[in-house]
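Subject: Structure handover

Hello,

Here is the structure we talked about, followed by notes on what turned up in it. Please read the notes with the model open beside you.

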Amino acid sequence: MHYLYHIPGKKIGVTRNLNKRVTEQQGYASDEYEVLLTSDDIDYISNMERELQKSYGYKVDITPYNKLIKSKSMNINATEQTSTFPVPLNKLKGRLKDNIGLVWETPHGTFTITHLVIEWIMSNARTSMFNSERSYVYNKALSSAFNMTETMPPVKNQPDDRTVYDLIRTWANDKGIYDKGDTKTQYLKLLEEVGELAEGILKGNKPEIIDAIGDIVVVLTNLARLEELRIEDCVDSAYDVIKNRKGKMINGTFVKAKDNSNLINQTFYKSNHTQTL
């Protein structure tokens with residue numbers, strides 16, 4: 001959906017995201033502008049923008065909105081194995097966001113650019129070995145990730161295969177956390193949630209403990225995403241480290257084998273010191 005908006009005394013423009021374009025980028029609150037028209041027809045809304053700019057006495061855009069947007073469109077080259085994007089990895093996410101809703105055909109299914117697909121692409125895309133200004137993904141892997149077949153509809157109609165982490169990231173993206181937040185704010189949020197967990201444990205309040213643990217996982221999922229990581233990969237990495245770890249329980253804590261002697265000595269010293277006193 002395209003929105004034709006008016007900031008009285010300032011300008012008339014078109015956008016697909018009022019909050020990001022008008023509020024975040026231009027600094028106007030929702031009560032400081034009005035929406036004149038909405039339309040899915042980019043050519044119609046583009047013509048109306050220029051007509052209203054003239055009638056209101058504003059400067060008319062040199063490049064019409066439809067040509068500006070179409071200049072950002074992306075031709076995806078699909079082969080049997082890969083889908084190649086005409087941009088390098090460091091510019092891929094922005095170009096994908098500019099093309100939300102774009103559909104392309106491959107031998108492994110019909111794909112649609114959605115926020116969820118963008119998340120997957122950014123986690124799996126590689127730089128082309130033939131041209132560093134291009135990047136690509138494997139079609140079969142993308143198809144498998146969303147449990148698609150050659151005859152299935154676009155990805156946006158298949159939400160049931162999303163994991164809870166996918167749902168968290170979609171929610172956070174819709175709330176603007178990835179656009180306006182950063183790892184520092186998420187870290188502070190993590191400390192807040194850990195404090196609530198401590199409070200729940202001290203009170204023996206099981207619902208509060210459950211809520212705090214869930215909130216901590218949400219915050220960690222978002223913190224990882226802001227660092228261009230996936231929490232699933234972080235957890236897998238941690239498990240790979242601990243799965244063969246040897247050790248024992250000492251004073252209620254599992255201690256790695258190589259740390260046992262030091263901790264035992266400390267415990268022995270404290271015990272003897274206390275008895276001496």
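Among the elements around the second largest pocket, α4 contributes the most to the lining, with six residues. Helices here are DSSP runs of H or I with at least four residues, strands are runs of E with at least two, and both are numbered from the N terminus. A pocket is an open set of points on a 1 Å grid over the protein atoms alone, with protein on both sides within 12 Å along at least five of seven lines; a cavity is a set of points where a 1.4 Å probe fits but cannot get out, and lining residues have an atom within 4 Å of a point.

Before going further, the basis of the model. This is a predicted model, in which local features need pLDDT of at least 70 and side-chain atom pairs count only at pLDDT 80 or more, while totals for chains, interfaces and linings use all residues. Residues are numbered from 1 along each chain as its sequence is written, and side-chain values use heavy atoms, with hydrogens and water left out.

Pockets and cavity

The second largest pocket has a volume of about 360 Å³; a volume is the space filled by probe spheres set on the grid points, which are joined across faces, edges and corners. It is lined by 16 residues, and K93, M122, S123, R225 and E228 are the closest to its centre. At least two lining residues come from each of α4, α5 and α10 (206-226). By type, the lining has six nonpolar, three polar and seven charged residues. For this count Ala, Val, Leu, Ile, Met, Phe, Trp, Tyr, Cys and Pro are nonpolar, Asp, Glu, Lys and Arg are charged, and the others, Gly among them, are polar.

The largest pocket holds about 1,000 Å³ of space. T15, R16, N17, K20 and R21 are the closest to its centre, out of 34 lining residues. Elements that each supply at least two residues of this lining include β2 (11-15), α1 (18-25), α2 (42-56) and α7 (164-174). The lining is made up of nine nonpolar, eleven polar and 14 charged residues.

A search of the whole structure gives one cavity of 30 Å³ or more. Its lining consists of K93, K97, H115, I118, E119, N173 and R225. The most comes from α5, with three residues. One lining residue is nonpolar, two are polar and four are charged.

Sheets

Which strands make up the four-stranded open sheet? The order is β4-β5-β9-β8, with antiparallel pairing; two strands pair if DSSP finds at least two bridges between them. Because β4 (77-78) and β8 (126-127) stand at the edges with a single partner strand each, one side of each has no neighbour in the sheet. Two bridges join β4 to β5 (residues 82-85), and A78 is opposite S83 in β5. Helix α5 packs on this sheet and touches β5, β8 and β9 (135-138), with its direction at about 105 degrees to that of β9. Contact means heavy atoms within 4.5 Å. Axes are lines fitted to C-alpha atoms, for helices over the stretch in contact, and angles run from 0 to 180 degrees between N-to-C directions.

Two bridges join β8 to β9, where T127 has S135 as its bridge partner.

The other open sheet has three strands in the order β2-β1-β3, again antiparallel. Its edge strands are β2 and β3 (34-39), each pairing on one side only. From one strand to the next the twist averages 20 degrees. Five bridges join β1 (residues 2-7) to β3, with L4 opposite L37. Helix α1 packs on the sheet, touching β1, β2 and β3, and its direction makes about 25 degrees with that of β1. Helix α2 lies across β1, β2 and β3 and runs at about 150 degrees to β3.

Salt bridges

How many salt bridges does a search of the whole structure find? There are twelve, each being a side-chain nitrogen of Lys or Arg within 4 Å of a carboxyl oxygen of Asp or Glu. One of them joins E24 and K180 (3.8 Å, N to O). This pair links distant parts of the chain, with E24 in helix α1 and K180 in helix α8, 156 residues apart.

Regards
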